[in-house]
Amino acid sequence: VWIAAAIVAAFAIFHGHAHGAEMPRALSPLEYATGFVVGTGLLHLFGIALGLLSGRETGRKVVRAGGGLIALTGAVFLVGLA
């Protein structure tokens with residue numbers, strides 16, 4: 001587990017650096033970082049909620065429907081309709 005955590009941490013550092021390096025010069029670094037932190041937190045909360053829902057039959061249907069919508073959206077972009 002510790003090795004996996006170290007690998008994830010290393011990738012997280014490089015990922016964060018990439019986002020910092022692509023920040024437009026005209027933006028406030030504090031507002032830019034705040035947006036990323038809030039966005040990341042919301043993604044984590046949504047993922048946790050889906051994980052908890054998947055333990056129930058209704059939740060499994062919601063997770064499957066969400067996966068189908070994601071696949072459909074990817075297909076639309078792949079074909080070039082959007």
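**A salt bridge, a helix and a pocket**

Arg60 has a relative accessible area of 32%, so it counts as partly exposed, since that class lies between under 20% for buried and over 50% for exposed. The model that holds this residue is predicted. Arg60 is a partner in a salt bridge with Glu57, in which the closest N and O atoms lie 3.1 Å apart. Side chains of opposite charge can pair when their charged atoms come close. The separation of 3.1 Å between Glu57 and Arg60 meets the requirement of a nitrogen within 4 Å of a carboxyl oxygen. Glu57 is also partly exposed, because its relative accessibility is 41%. Both residues belong to helix 3, and because they are three residues apart there, about one helical turn separates them. A search of the whole structure finds one salt bridge.

Helix 3 runs over residues 57-79, which makes 23 residues. After helix 3 comes Gly80, with a positive phi near 95°.

Another glycine, Gly66, is found in helix 3 itself. With a relative accessible area of 27%, Gly66 is partly exposed.

The next topic is empty space. Rolling a probe the size of a water molecule over the atoms shows where such space is left. In this model the largest pocket has a volume of about 180 Å³. Two elements each give two or more residues to its lining, namely helix 1 (2-21) and helix 2 (29-53). Helix 1 supplies the largest share, five residues. The lining is made up of Ala12, His15, Gly16, His19, Gly20, Tyr32, Phe36 and Thr40. By class, the lining has three nonpolar residues, five polar and no charged.

Last comes the confidence of the prediction. The chain has a mean pLDDT of 89, and 99% of its residues reach 70 or more. Confidence is highest in helix 3, at 92, and lowest in helix 2, at a mean of 89.

Note on methods. Residues are numbered from 1 along each chain as its sequence is written. This is a predicted model: local features need pLDDT of at least 70, side-chain atom pairs count only at pLDDT 80 or more; totals for chains, interfaces and linings use all residues. Side-chain values use heavy atoms; hydrogens and water are left out. Helices (H or I, at least four residues) and strands (E, at least two) are DSSP runs, numbered from the N terminus. The expected span of a helix is 1.5 Å times one less than its number of residues. On a 1 Å grid over the protein atoms alone, a cavity is a set of points where a 1.4 Å probe fits but cannot get out, and a pocket is an open set with protein on both sides within 12 Å along at least five of seven lines; lining residues have an atom within 4 Å of a point. Grid points are joined across faces, edges and corners, and a volume is the space filled by probe spheres set on the points. Ala, Val, Leu, Ile, Met, Phe, Trp, Tyr, Cys and Pro count as nonpolar, Asp, Glu, Lys and Arg as charged, and the others, Gly among them, as polar. Buried means under 20% relative accessible area, exposed over 50%, partly exposed in between (1.4 Å probe, protein chains only). pLDDT is the predictor's confidence in each residue, from 0 to 100. A salt bridge is a side-chain nitrogen of Lys or Arg within 4 Å of a carboxyl oxygen of Asp or Glu.
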